[in-house]
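Here is a short briefing on one protein chain. Take a look at the model first, then read the points below.

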Amino acid sequence: MTRRSHFQRLLLLAASTTVIAGGAVLPSSAMAATAAPHPTVTTVASDHDAHRPHGSPASAKEWVETTDTVSGIKFQLPGKPEVIKFTQAVDGMDGRLYKVRTDNGVIVFAVFDLPRAQGELDDALQGLVDGYNAGAQSPKHKLSSTGVHKITVHGQPGLDARLSAPDGAAGSARLIAGDTHFIEIISLSPKGKEKPMHDTYRQLLASVHNPHTHATRAD
């Protein structure tokens, strides 16, 4: 089996851990994911956060600093994450996926130990959408990607896309193909929750500290 087929399988599995708008959990993938060791998490509250309105999706008391110990990548999530670990032996690749559900939807940060996957960004996005749609309960829940464009995040090639479904679900995806790791960041929200969830997504992007780049914040 080629690396690309392994990669597409893993993206399908990662997509199956997200949540359909309205709160219905997608069926689990046929591929098993092993329990992950507890990530390093620290509650953080910056001065900027502390001045946000009470009840904001980026409320200071909700944000938790998380470190993916294998890669050293640090990021902040709006709560303590559920962690799923993928292994080479079971899934074809090593990786960790961190997921938080909020009142406004779901947000995911995943790190896969796959170096130099720049040529697979488009395939990765298609695998993400296909994996999510494989578990959709009706056509109105099926996602499509729009506004897809290539980006560079501190010298690393990436891809940004908007996600949407006929039922009003909306979200965003950023994929980054680094020299040592492939990063996937996703947010999804039901209709009417798009704005606060997008604010949460943007705050997550701004919090990322990847030691494998020269900068300390994501673009």
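Helices (H or I, at least four residues) and strands (E, at least two) are DSSP runs, numbered from the N terminus. This is a predicted model: local features need pLDDT of at least 70, side-chain atom pairs count only at pLDDT 80 or more, and totals for chains, interfaces and linings use all residues. Residues are numbered from 1 along each chain as its sequence is written, and side-chain values use heavy atoms, with hydrogens and water left out.

**Overall picture**
- The protein has 5 helices and 13 strands.
- Of its 219 residues, 53% are buried. Buried means under 20% relative accessible area, exposed over 50%, and partly exposed in between (1.4 Å probe, protein chains only).
- Take the contacts between residues at least 6 apart in sequence: 55% of them join residues at least 24 apart. Contact means heavy atoms within 4.5 Å.

**Two loop residues**
- Gly155 sits in the loop between β10 (144-153) and β11. Gly155 is exposed, at 65% relative accessible area.
- Gly155 and Thr213 lie 58 residues apart in sequence, yet their C-alpha atoms are 7.5 Å apart.
- Ala165 sits in the loop between β11 (156-164) and β12. Ala165 is buried, because its relative accessible area is 11%.
- Beyond its neighbours within four places in sequence, Ala165 contacts Lys140, His141, Lys142 and Leu143.

**Helix α5**
- α5 has 14 residues and spans 20 Å from first C-alpha to last, close to the 20 Å expected at 1.5 Å a residue. The expected span is 1.5 Å times one less than the number of residues.
- Buried residues of α5 include Pro196, Met197, Tyr201 and Leu204.

**The second largest cavity**
- Rolling a probe the size of a water molecule over the atoms shows where empty space is left.
- On a 1 Å grid over the protein atoms alone, a cavity is a set of points where a 1.4 Å probe fits but cannot get out; lining residues have an atom within 4 Å of a point.
- The count is 3 cavities of 30 Å³ or more.
- A volume is the space filled by probe spheres set on the points, which are joined across faces, edges and corners.
- β12 (170-177), β13 (182-189) and α5 (194-207) each supply at least two residues of its lining. Among the lining residues are Arg162, Ser187 and His198.

Key
1 Å grid on protein atoms, 1.4 Å probe; cavity = no way out; pocket = protein on both sides within 12 Å on 5 of 7 lines; lining within 4 Å.
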